[in-house]
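Subject: Handing over the model

Hi,

Here is the structure I promised to pass on to you. Have a look around it before you read the rest of this email.

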Amino acid sequence: MAAAAATTAPALALPQATSFAQAPSIAPVGGSLLLQLRRGPNSVDVVVEGTGVSPVLRQRQTASGWQGQLQLNQSTSLKVGPQTLTLPEAGLQRVSITGSGREFQLEVVPMPGAPASKPVVSADGRNLILRFSAPSELVSKTAAFNLNQPGSVPQTRYAPPLQPRAVAPPLGDMAVGTMLLRNRSYLNLNGPPVTMTLRNAPAKDALMALSQMGGYGFVYIEKDEATTSSGEQEKVSIAPVSVAFRAESYSKAVNAVLLASGLQGRVEGKLLMVGPSVMSKTLGTQLSKVYRLNQASAESAADYLASLGARITKVTSITNTVSSGQPQANQVAGAPQTQQTKEETITATETYGASMGPLRGLIGTTDSRLRTITLVGDSQLVAVAEGYLKQIDLRQRQVALSVKILDVTLSNDADISNSFAFRSGNSFIVNEAGNLVGSFGGFVPPTAEDVSRQNIPQDIAISEDGVESPPGVEVRGQTGEVRQGGGLSGPTFGGLKTGVRPNVGNNYPSNQFYDLVRATVQSSTTKVLASPTLILSENSEPLASGKAVAVGGSGSDAALNSASIGRPFANESFVTVGSQEIVSYTVQAGQNGAPNSCQPEFGTAGLTFGARVSRIDDNGFVTFSLSPQISGVVGTGVEISGCGTVNTLTTRRLDTGEVRVRDGQTLILTGVISDQDQAVVSKWPVLGDIPFIGQFFRSSSRNRDKRELVIMVSPRIIRDGDGGNFGYGYQAATSDARQFVSAPRGF
């Protein structure tokens with residue numbers, strides 16, 4: 001291992017994705033493979049000597065480090081057998097190479113705690129060079145320490161690499177599948193040059209004359225007559241042709257007449273068969289294949305092939321329900337039931353397909369139970385259709401949405417009030433939290449209701465058995481007896497004559513001052529954190545039993561429910577965390593004296609979160625939409641007579657449009673802020689406005705609530721075939737996890 005920096009010739013770096021990439025070619029192959037490490041100032045080079053021209057490298061990041069699949073143009077071998085090197089000071093715990101022939105495996109494992117960076121790949125025509133970033137080399141220094149002046153020795157520090165910037169995807173970056181198709185409608189024929197002039201001649205006669213000229217037999221095959229919806233036979237019309245050939249090649253002349261007439265031609269040996277749909281007919285053998293699809297549905301694959309010219313036959317069932325007679329709800333009580341329901345199922349076959357396309361002449365059918373499609377036709381035609389099926393039967397991409405929802409509530413309440421009372425003689429003045437109350441004289445004046453009761457206070461209950469008076473009210477009986485509150489009946493009392501409210505201040509000593517001060521400051525902080533992870537695919541097909549999820553209750557909140565992301569489709573997911581609270585009642589009046597019935601309607605107090613994935617691009621972008629909502633109970637419940645208590649919910653909700661985020665990046669949604677500031681002041685007129693002194697004649701309270709909702713979403717595309725963190729290519733990072741995954745399953 002060399003500690004000095006190494007210099008390499010500049011070369012084109014290979015792409016860092018999992019697709020194949022080629023290095024530039026400069027020199028021929030130089031021998032067997034040998035693995036070496038070269039230390040640089042801020043990097044370390046993993047050099048594979050002897051790779052030769054145009055090596056192909058496929059690489060991926062794993063939980064344990066970095067792996068590469070190296071493929072060469074010709075077979076070779078390892079010079080010293082499988083190699084394993086180490087360079088701890090550069091952060092490399094193990095670098096190894098194995099394999100033989102044309103394929104070799106590279107693995108780089110970093111030291112514990114150090115990340116595995118992506119290498120810069122280059123080649124010089126003989127060697128393959130992988131440059132990994134590494135900590136700077138330590139430089140030994142010697143010096144005399146100055147004890148009077150403190151100093152420090154430089155230490156190596158690790159700083160995490162900066163994340164790549166969010167950039168728009170390149171134009172045209174898409175998966176492309178290419179197939180080279182032979183023109184099956186063109187006939188390769190051998191014959192003499194053709195000189196012919198025709199005007200509005202029947203195409204059948206022109207083709208017969210040309211076949212005789214070239215020494216071919218001729219057969220015209222009529223098209224099977226189809227029946228229209230009115231029951232009539234559909235006739236096939238052939239357009240006449242007008243041609244003028246002068247020493248034209250025989251093959252071009254025949255194909256030109258076929259093209260002008262709209263007919264199809266087929267050659268079987270020396271026999272020329274012509275007709276409107278002769279491509280689906282043959283004298284030889286045909287090939288039949290049954291394909292069981294893995295990802296695509298049989299119906300969608302059949303529709304795709306039909307659009308390319310194949311004839312697809314399906315079996316359809318139509319169920320008709322007919323009801324006759326009087327409905328049971330309209331019948332007389334006790335009468336026999338006269339309504340009858342009859343169901344009839346009609347099974348029919350349907351054949352469809354485009355009139356043009358490269359698959360004309362191919363027929364097929366499907367089986368939805370086994371997800372199979374059966375194709376019958378010429379072997380070359382079946383092979384073309386098989387190529388199309390391989391290109392569309394691909395895994396639909398999946399994404400793991402890591403969501404963090406933070407709901408912060410800050411509450412600050414401040415209350416201060418002053419209450420006092422003062423008596424002087426028969427005058428009693430009270431300040432109750434900023435409200436002035438004064439009573440002068442021996443009694444309290446009567447109210448308007450008391451006057452209507454002949455000056456008898458309205459809170460005195462009069463009955464045949466006697467008089468009931470609350471405490472604090474002085475009543476006088478007809479016998480002259482005076483009593484204070486409680487039961488006032490009896491023979492000595494006689495009956496109620498009059499009643500008054502005495503001044504309550506008479507109960508307090510005269511010329512005394514009483515004061516009560518209350519001050520409260522209350523602060524509270526509430527934080528709600530939810531961190532669900534949703535795994536969704538881009539499959540937008542409806543679910544067999546999917547149903548939209550209602551959010552925030554029903555009834556009056558139906559407008560909120562209609563815009564929510566539910567679960568009727570496969571590319572949607574919904575999470576609900578919280579408790580069900582009664583938000584309203586539906587009251588139905590009872591019949592024939594029965595009591596009213598109350599039907600409660602519920603709402604969710606907590607978190608509801610919906611997500612929908614629209615698209616996952618090949619270039620690593622995910623398009624999705626979100627619908628988070630947080631609700632909670634406000635205040636105390638309201639009692640509904642005869643039913644129960646209902647609660648009021650406060651709701652904060654954010655419905656996003658379609659957003660596009662790159663794989664691994666984080667989208668932060670904020671700004672959903674609710675700020676409420678309420679101030680209430682009660683004070684005496686004039687006196688409450690005097691500076692400093694006025695605070696003794698007023699009461700103030702201030703309530704401030706601030707709420708903010710923050711949502712962070714990080715999409716991670718699941719790569720099933722590339723050793724991703726999820727899916728089919730999952731690789732456990734710890735020994736316990738590997739043992740759990742490899743353990744046999746049992747019940």
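To start, how many residues lie between β12 and β13 in their hairpin? There are 2, and Gly269 in that turn has a positive phi of about 70°. (Helices and strands here are DSSP runs, H or I of at least four residues for helices and E of at least two for strands, numbered from the N terminus.)

Before going further, some housekeeping. This is a predicted model, with residues numbered from 1 along each chain as its sequence is written. Local features need pLDDT of at least 70, side-chain atom pairs count only at pLDDT 80 or more, and totals for chains, interfaces and linings use all residues, while side-chain values use heavy atoms, with hydrogens and water left out.

**The chain overall**

The protein chain comes to 7 helices and 35 strands. Of its 747 residues, 32% are buried (buried is under 20% relative accessible area, exposed is over 50%, and partly exposed is in between, with a 1.4 Å probe and protein chains only). Taking contacts (heavy atoms within 4.5 Å) between residues at least 6 apart in sequence, 66% join residues at least 24 apart.

The average pLDDT, which is the predictor's confidence in each residue from 0 to 100, is 75 for the protein chain, and 72% of the residues score at least 70. Where pLDDT is low, the predicted coordinates should not be read in detail.

**The sheet around the hairpin**

β12 and β13 belong to an open sheet of 3 strands in the order β10-β13-β12, with mixed pairing (two strands pair if DSSP finds at least two bridges between them). β10 and β12 (264-268) stand at the edges with a single partner strand each, so one side of each has no neighbour in the sheet. From one strand to the next, the twist averages 20°.

Why is the pairing called mixed? β12 and β13 (residues 271-275) run antiparallel and are joined by 5 bridges, whereas β10 and β13 pair in the parallel sense over 4 bridges. If you want to find the pairs on screen, Leu271 in β13 is the bridge partner of Glu268 and also of Gly217, and Arg266 stands opposite Met273.

Because 4 of its 5 residues are buried, β13 is largely enclosed by the rest of the structure. Helix α1 (residues 203-214) lies across β10 and β13 and runs at about 160° to β10 (axes are lines fitted to C-alpha atoms, for helices over the stretch in contact, and angles run from 0 to 180 degrees between N-to-C directions).

In the loop between β10 (217-220) and β11 (241-248) you will find Lys223. Lys223 is partly exposed, at 41% relative accessible area. The C-alpha atoms of Lys223 and Gly275 are 6.8 Å from each other, although the two residues are 52 apart along the chain.

**A second sheet and a core**

Another open sheet has 4 strands in the order β1-β2-β8-β7, paired antiparallel. Its edge strands, β1 (34-39) and β7 (120-123), pair on one side only. Inside it, β2 (residues 43-49) and β8 (residues 127-133) pair over 7 bridges, and Ser43 stands opposite Ser133.

Which residues touch the most other members of the largest nonpolar core? They are Val48 and Leu130, in a core of 25 residues. (A nonpolar core is a set of buried Ala, Val, Leu, Ile, Met, Phe, Trp, Tyr and Cys residues joined through side-chain atoms within 4.5 Å.) β1, β2, β4 (66-76), β6 (92-110), β7 and β8 each give two or more residues to this core, and β6 gives the most, with 6.

In helix α3 (residues 298-307), the buried residues are Ala298, Ala301, Ala302, Leu305 and Ala306. They lie on the same side of α3, because they cover an arc of only 135° around the axis (the arc is that of the directions from the helix axis to the C-beta atoms). Gly309 follows α3, with a positive phi near 115°.

Cheers
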